[in-house]
Amino acid sequence: MNTQKLPHIVIVGAGFGGLETAQKLAGAPVQITLIDRHNYHLFQPLLYQIAIAGLVPSQIAYPLRTIFRRQKNLTFQMGEVSAVDFESRYIKMNGSVMAYDYLVLAVGGETNFFGLSTVEENGFQLKSIESATSTRNHMLRMFEQASREVDPDKRKALLTFVVVGGGPTGVETAGALAELITHVMTKDYPEMDLGESRVLLLEATGNVMAAYPDELRQSTMELLESKGVEILLNARLTDYNGRTITAADGSQLEACTLIWTAGVRSAELTDRLGVEQAASRLVRV
Ligand SMILES: Cc1cc2nc3c(=O)[nH]c(=O)nc-3n(C[C@H](O)[C@H](O)[C@H](O)COP(=O)(O)OP(=O)(O)OC[C@H]3O[C@@H](n4cnc5c(N)ncnc54)[C@H](O)[C@@H]3O)c2cc1C
């Protein structure tokens, strides 16, 4: 195959979008370079299972070179794309440049903390293997510390887990956490009274699962409550110092764990493209 004459398609991002695009172009008369900062495809919907120690990372991360082993018109390169020159048609990556004929930007999103810097510093998020794994390690550490903590107030704070954001990810995470405590931790820590533990779901608006019909929202609330999750609606968080959560109405809650699932924005690269952006930094197309 003479690749010299074939159009060169560069796909940046090997998430759902980039992967699907690359696979659809298998067998097409093009030469594809697929680029991602990681050399694996991550199945993000199951990140919450990593956080609650239900799965291990290798179960949701698949090596890209293995996925594309048989696709002859594709090469993979691991790297961070830092800029795009749309006029001269090249991208910058790892200190070098790569020319393209067609460019597919499928860089996905990242967590949006809406400027709440103390939450970003002290809270946890579920957006990557690294962040989900550190959430898991932290939570397991909280149970260990609680098991030898004699001060009841400190113990309660160690066993209070707050999930912020009542969208699908927050609902899944809070429900799974409650199940982890009921089905696993009660058996692993027979010496502890896990009736002291709390899982709270904080939502800034008056509804969980805002985009869903009323009936589903209601049954989601009922199901979560039946698992022991406390749902706080109209609760807008303003500060978190790693121990105390402060809400907009001034109320406070002691919790050593806060998991932020309340917002996403487009990936940082989109800020450097010089293109028109909409809310959450989405690129207008
Ligand atoms: C915890 C969680 C649970 C979710 N649950 C669901 C669900 O149940 N159902 C559902 O439909 N959706 C769910 N989603 C959303 C879903 O995962 C996303 O909509 C989807 O991943 C978006 O696909 P994408 O290809 O646009 O971006 P992504 O999957 O985010 O992929 C983008 C890729 O681009 C790479 N990248 C970014 N910037 C650069 C750069 N500068 N250089 C090189 N590479 C770069 C990243 O490493 C990444 O691999 C969930 C998301 C999360 C975080």
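1. The model is a predicted one, and the points below should be read accordingly.

2. The buried residues of H8 are Arg 217, Thr 220, Met 221 and Leu 224. They lie on the same side of H8, because the arc they cover around the axis is only 95 degrees. Exposed residues are found on the face of H8 turned away from this buried side, which carries Glu 215 and Ser 226.

3. The length of H8 is consistent with its residue count. This helix comprises residues 214-226, and at 1.5 Å a residue its 13 residues should span 18 Å; the C-alpha atoms at its ends are 18 Å apart, so the two values agree. After H8 comes Gly 228, which has a positive phi, near 100 degrees.

4. Beyond its neighbours within four places in sequence, Leu 177 is in contact with Ile 52, Met 139, Phe 161, Val 163, Val 199 and Ile 259. For Val 199, which is 22 residues away along the chain, the C-alpha atom is separated from that of Leu 177 by 7.2 Å.

5. Met 139, one of the contacts of Leu 177, is also among the buried residues of helix H5. Helix H5 (residues 129-147) has 19 residues; from its first C-alpha to its last it reaches 27 Å, close to the 27 Å expected at 1.5 Å a residue.

6. There are 21 residues around the ligand, and those that come nearest are Phe 16, Gly 17, Asp 36, Gln 44 and Val 81. For Phe 16, a backbone N or O atom lies 3.0 Å from an oxygen atom of the ligand. In the case of Gln 44, an N or O atom in the side chain is 2.9 Å from an oxygen atom of the ligand. A nitrogen atom of the ligand is 3.4 Å from a side-chain N or O atom of Glu 80. Taken alone, the ligand exposes 1000 Å², of which the protein buries 74%.

Methods
Residues are numbered from 1 along each chain as its sequence is written. This is a predicted model: local features need pLDDT of at least 70, side-chain atom pairs count only at pLDDT 80 or more; totals for chains, interfaces and linings use all residues. Side-chain values use heavy atoms; hydrogens and water are left out. Helices (H or I, at least four residues) and strands (E, at least two) are DSSP runs, numbered from the N terminus. The expected span of a helix is 1.5 Å times one less than its number of residues. Buried means under 20% relative accessible area, exposed over 50%, partly exposed in between (1.4 Å probe, protein chains only). The arc is that of the directions from the helix axis to the C-beta atoms. A residue is near a molecule or strand if one of its heavy atoms lies within 4 Å of it. A polar contact is a pair of N or O atoms within 3.5 Å; within protein, one must be able to donate a hydrogen and the other to accept it, and residues adjacent in sequence count only if both atoms are side-chain atoms. Accessible areas come from the Shrake-Rupley method with a 1.4 Å probe; for residues, only the protein chains shown count as cover. Contact means heavy atoms within 4.5 Å.
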